[in-house]
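Here is a short walk through one protein model. Look at the structure first, then read on.

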Amino acid sequence: MSRTVLVRAGLLAALTACVLTGCSTPDADETPPPTAPADPTRSPSPTPSDGPSPKTSPTTPETSPTTPETSPTPPGTSPEPPDQAKGRWHPQPGLAWQWQLDGRSDPSVDVPVYDIDGFENSAADVAVLHRAGRKVICYVNVGAWEDFRPDEAAFPRALLGKPNGWRGERWLDIRRIDLLRPIMEKRFDMCRTKGFDAVEPDLMEGYGNDTGFPLTSDHQLAYNRMIAAIAHARGLSVGLKNDLPQIPQLVGDFDFAVNEECAQFDECASLTPFVKAGKAVFHVEYEGSTAAFCADSRRLKLSSMLKNPELDTWRKPC
């Protein structure tokens, strides 16, 4: 599920010190693409003017947070052995893709890469896409608790912070790596067991939002690197979702990037470290028309398309 479309408007001020480029707004005369009905199990995607859902007081952790893990290697470098990296899928810049998180996947789109929900799709669904010659990415939320997931009871309630604006979701205290790691390992085990080639971990920039916890950029770096390591240990490629300010430190730890709305906010150039490293950048916009961003996307070698915020099957690629 797309998250940045909601949280940016009210929370970008918290990232002022980290913002790499200025923001721009879409032209008033551009119209959004047609929308399809959202899956009833998912909350609709509000526009920035809607604002987030009412917040509750953050839960106070029952135990003090552990010191964030630090990477044993310099920032921006991969800590894993080269032989392990060779066995994974390495998506190259410019690959066409489909991003569908609304229900089970529809395999009818003729593209080489599919990004679909890891819980809502089965091993058989992944196999159908593989038989068509496609690589398949497993969407998993790593930054927020979701009350509609089958493992929701596995999360200690002390880890649950403020609502993030999506029905049934609350930010996680990512400082508690000791508690979150085994939960995320089980989720990534699910992705591997179902046959996915890669993981798209969502909500990897909690430190820039009003989570109810005093998260810092160092906490986020430690958590994001842990997420990448968990994926790599299972032979899965992993993408950095948004978190543009930390790309210079994290490009070496991730195999590709997934971005929402970099054109709307005039941030797409921030993703060039991935392209220069020969890694794909899978990018979507939700407003305006492809004419507004496709020329820049082609110049920057991004894999771009226009999508409905519900992330149903509709797409208009560059």
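Which residues do ring pairs link into a cluster? The members are Trp89, Trp97, Trp99, Phe256 and Phe282. Keep in mind that this is a predicted model.

Begin with the pairs themselves. Rings pair if their centres lie within 6.5 Å. By this rule there are four aromatic pairs. Take Trp97 and Trp99. Their ring centres sit 5.4 Å apart and their planes meet at 25°, so this pair is stacked; the cut-off for stacking is under 30 degrees. Trp97 has a relative accessible area of 1% and is buried. Trp99 is buried too, at 0% relative accessibility.

Now turn to Phe256 and Phe282. This aromatic pair is edge-to-face, with 5.6 Å centre to centre and 70° between the planes. Phe256 belongs to strand β9 (residues 256–260). Phe282 belongs to strand β10 (residues 281–285). The pair therefore ties together parts that are 26 residues apart in sequence. Phe256 is buried, at 0% relative accessibility. Phe282 is buried as well, with a relative accessible area of 0%.

Next comes a sheet. Strands of a sheet pair through backbone hydrogen bonds, either parallel or antiparallel. Here, three strands form an open sheet in the order β4-β6-β5, and the pairing is antiparallel. β4 (144–146) and β5 (160–163) are the edge strands, each pairing on one side only. On average, neighbouring strands of this sheet are turned by 40° against each other, direction ignored.

Two bridges join β5 to strand β6 (residues 169–172) in the antiparallel sense. Pro163 has Arg170 as its bridge partner in β6.

Technical notes: Residues numbered from 1 in each chain as written. Predicted model: local features only at pLDDT ≥ 70, side-chain atom pairs only at ≥ 80, totals over all residues. Heavy atoms only, no water. Phe/Tyr/Trp six-rings, centres within 6.5 Å; stacked < 30°, edge-to-face > 60°. Buried < 20%, exposed > 50% of the residue type's maximum accessible area, 1.4 Å probe, protein only. Helix = DSSP H or I, 4+ residues; strand = E, 2+ residues; numbered from the N terminus. Pairing = 2+ DSSP bridges. Axes fitted to C-alpha atoms, helices over the stretch in contact; angles between N-to-C directions.
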